[in-house]
Amino acid sequence: MGKKEKGGGGGAVSPDSGSSDAGAKLFKAKCATCHTANDGGPNKQGPNLWGVMGRQSGQVAGFKYTAANVNSGIIWSNQAP
């Protein structure tokens, strides 16, 4: 996280415009070390991402978030900020 990918298009992408196989591969490569994404799955270094859509950023109990994250008011959605 934090690095920009080379050759990125820069435009917003709909969650429905991609391949679920490609998304699963990307999650395993980039996210699964720190996160789970199954219903009732455990938290790891980062919180479980099941049901993240509609949830406010920086609010999962037991994690230390920056004040900027906690107070950002960001609600995870399909829309780019």
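This is a predicted model: local features need pLDDT of at least 70, side-chain atom pairs count only at pLDDT 80 or more; totals for chains, interfaces and linings use all residues.
A residue counts as buried when under 20% of its relative area is accessible, and as exposed when over 50% is.

View 1. Helix α1 spans residues 20–30, and because 0 of its 11 residues are buried, the helix lies largely in the open.

View 2. How many disulfides does a search of the whole structure find? The count is 0. For cysteine 31, the closest cysteine sulfur belongs to cysteine 34, and at 8.6 Å it is too far for a bond, since a disulfide needs the two sulfur atoms within 2.5 Å. Cysteine 34 is likewise in no disulfide. Cysteine 31 is partly exposed, with 27% relative accessibility, and cysteine 34 is partly exposed at 30%.

**View 3. A nonpolar patch on the surface.** Met53, Ile74 and Trp76 come together here, with about 310 Å² of accessible area between them. Methionine 53 belongs to the loop between α1 and α2 (67–70). Its relative accessibility is 46%, so methionine 53 counts as partly exposed.

**View 4. An aromatic pair.** The structure has 1 aromatic pair. Its partners are phenylalanine 63 and tyrosine 65, whose ring centres are 6.2 Å apart. Is the pair stacked, edge-to-face or tilted? The ring planes meet at 45 degrees, so the pair is tilted. Tyrosine 65 is partly exposed, at 26% relative accessibility.

Technical notes. Residues are numbered from 1 along each chain as its sequence is written. Side-chain values use heavy atoms; hydrogens and water are left out. Buried means under 20% relative accessible area, exposed over 50%, partly exposed in between (1.4 Å probe, protein chains only). Helices (H or I, at least four residues) and strands (E, at least two) are DSSP runs, numbered from the N terminus. Patches are made of residues with over 30% relative accessible area and no salt bridge: like charges are joined within 9 Å, nonpolar side chains (Val, Leu, Ile, Met, Phe, Trp, Tyr) within 5 Å. Accessible areas come from the Shrake-Rupley method with a 1.4 Å probe; for residues, only the protein chains shown count as cover. A salt bridge is a side-chain nitrogen of Lys or Arg within 4 Å of a carboxyl oxygen of Asp or Glu. Rings of Phe, Tyr and Trp (its six-membered ring) pair if their centres lie within 6.5 Å; planes under 30 degrees apart count as stacked, over 60 as edge-to-face and the rest as tilted.
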